[in-house]
Amino acid sequence: MSYANKLKDSLYWWLGKKRPFFINDEYKLELLFVDKENLSAKIRVTNLKTGTVMVSSADPSEVTDGQE
């Protein structure tokens, strides 16, 4: 199901490793790892138009530009 141009305020989504979320057909949000000890998650956000990737880590000070 596409939520392109339909998301106005908020939406709940069960993000899983096999179930990414697409934001207005421009970005893809993927779950990479869940750190249950620190109650955090590592996610990857991909700009589908440019292919640019941003990765979030369990430690907010360790944000990379996709060059792992």
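Modeller: A residue is called buried when its relative accessible area is under 20%, exposed when it is over 50%, and partly exposed in between, with a 1.4 Å probe and protein chains only. The model is predicted, and for that reason local features need pLDDT of at least 70 and side-chain atom pairs count only at pLDDT 80 or more, whereas totals for chains, interfaces and linings use all residues. Residues are numbered from 1 along each chain as its sequence is written, and side-chain values use heavy atoms, with hydrogens and water left out.

Of its 68 residues, 16% are buried. The accessible surface, computed by the Shrake-Rupley method with a 1.4 Å probe and, for residues, with only the protein chains shown counting as cover, comes to about 5,700 Å², and 53% of that belongs to carbon and sulfur atoms. Among contacts (heavy atoms within 4.5 Å) with a separation of 6 or more, residues 24 or more positions apart account for 3%.

Side chains of opposite charge can pair when their charged atoms come close. The structure holds three salt bridges, each being a side-chain nitrogen of Lys or Arg within 4 Å of a carboxyl oxygen of Asp or Glu. One of them joins E26 to K49, with the closest N and O atoms 4.0 Å apart. This pair links distant parts of the chain, since E26 belongs to the loop between β1 (21–23) and β2 (27–35) while K49 belongs to the loop between β3 (40–47) and β4 (53–56), 23 residues apart. E26 is partly exposed because its relative accessibility is 31%, and K49 is exposed because its relative accessible area is 63%.

Turning to E30, its side chain meets that of K28 in a salt bridge with an N to O distance of 3.7 Å. K28, at a relative accessible area of 23%, is partly exposed, whereas E30, at 18% relative accessibility, counts as buried. E30 also forms a salt bridge with R44, where the closest N and O atoms are 3.1 Å apart. Because E30 lies in strand β2 and R44 in strand β3, this pair ties together parts that are 14 residues apart in sequence. R44 counts as partly exposed because its relative accessibility is 27%. Through shared partners, these salt bridges join K28, E30 and R44 into one network.

Leaving aside residues up to four places away in sequence, R19 touches W13 and W14, and its side chain reaches the backbone oxygen of W14 at 3.5 Å. Between the C-alpha atoms of R19 and L31, which are twelve residues apart along the chain, the separation is 8.2 Å.

Definitions and conventions
Helices (H or I, at least four residues) and strands (E, at least two) are DSSP runs, numbered from the N terminus. A polar contact is a pair of N or O atoms within 3.5 Å; within protein, one must be able to donate a hydrogen and the other to accept it, and residues adjacent in sequence count only if both atoms are side-chain atoms.
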